[in-house]
Amino acid sequence: MTYQQPPSQPGQQPSNPYGMYAPPPKKMSTGAKVGIGCGGAFGALVLLGIIGAALGGGSGTPAEKPAEAAAAPAPERAKEKAEPADAKPEKKDKAEKKAEKKPAPAPTSPADRFKAFVAKHGSPNEQAALGHVTKVQGADELNDILDSVDIYTDFTGGLMGPHQSEGKLIASAFADWKESKNGLVTVYDVKGEILSNGNF
């Protein structure tokens, strides 16, 4: 007795004879699943952007806005722009004059604030070492999670050079100035080599 198999059709896998195991179907890899998910999320964002642009497009196109401004009556526009030649300047009260005399304090850099702190609270050796600080980076962005501050100086020689002790003084003075639960201050020389580091 011969066993007859049904004719195979295009696109179908032939059935296995009795006793043979069929290979399991291929599964999608994790990368493919992530790619499809990210593609779907990107597509949804693009769709939301298109809908938002269509609904919130504003009161008109940019070409229409200058036309609205030009539609104001001509005498009103002329009054706004022109002042009479014989107009006297208004008298200013004393408070306004004082405000004009005092310029707004210029924002200081973190290096300047650090130097001012050490000048007020630091030892003479710390003050002398801070005269070589050129830049402080990262002191304004402290979050007590992982704070990293870089201090740049004009010293030379790196970690094994003659100015390692001044680097330690600068790192110690910084720890007196700022506090963090998990902070690291690194002091660099003029070439970008590490002079010292410490926790603050």
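**Confidence first**

Helices (H or I, at least four residues) and strands (E, at least two) are DSSP runs, numbered from the N terminus. This is a predicted model, in which local features need pLDDT of at least 70 and side-chain atom pairs count only at pLDDT 80 or more, while totals for chains, interfaces and linings use all residues. Residues are numbered from 1 along each chain as its sequence is written, and side-chain values use heavy atoms, with hydrogens and water left out.

The mean pLDDT of the protein chain is 76, with 60% of its residues at 70 or more. Select residues 65-69: pLDDT stays under 50 there, and the model has two contacts for them beyond four places in sequence. A contact means heavy atoms within 4.5 Å. Where pLDDT is low, the predicted coordinates should not be read in detail.

**The whole chain**

Switch to cartoon. The protein chain has seven helices and four strands, and from the N terminus on the order is α-α-α-α-α-α-β-β-α-β-β. Of the 200 residues, 19% are buried; buried means under 20% relative accessible area, exposed over 50%, and partly exposed in between (1.4 Å probe, protein chains only). Among contacts between residues at least 6 apart in sequence, 54% join residues at least 24 apart.

Show the surface next. The accessible area comes to about 16000 Å², of which 59% belongs to carbon and sulfur atoms. Such areas come from the Shrake-Rupley method with a 1.4 Å probe; for residues, only the protein chains shown count as cover.

Strand β3 (residues 183-188) pairs with strand β4 (residues 194-199) in the antiparallel sense over five bridges; two strands pair if DSSP finds at least two bridges between them. Y188 stands opposite I194 in β4. Five residues lie between the two strands of this hairpin, and G192 in the turn has a positive phi of about 90 degrees.

Now pick S196, in strand β4. Which residues does S196 touch, not counting those up to four places away in sequence? They are Q164, G167, K168, A171, V185, T186 and V187. S196 has a relative accessible area of 2% and is therefore buried.

Move to the loop between β1 (133-137) and β2 (147-153), and select D144. D144 has a positive phi of about 65 degrees although it is not a glycine. Most residues other than glycine have a negative phi. With a relative accessible area of 38%, D144 is partly exposed.

Then select R113 and D140, whose side chains meet in a salt bridge (2.5 Å, N to O). The pair links distant parts of the chain, 27 residues apart: R113 is in helix α5 (residues 110-121), D140 in the loop between β1 and β2. The structure holds one salt bridge, defined as a side-chain nitrogen of Lys or Arg within 4 Å of a carboxyl oxygen of Asp or Glu. R113 counts as partly exposed, at 31% relative accessibility.

**A nonpolar patch**

Finish with F42, V46 and I50, which form a nonpolar patch on the surface with about 310 Å² of accessible area together. Patches are made of residues with over 30% relative accessible area and no salt bridge; like charges are joined within 9 Å, nonpolar side chains (Val, Leu, Ile, Met, Phe, Trp, Tyr) within 5 Å. V46 lies in helix α1 (residues 30-55) and is partly exposed, with a relative accessible area of 37%.

Notes: pLDDT = per-residue confidence, 0-100.
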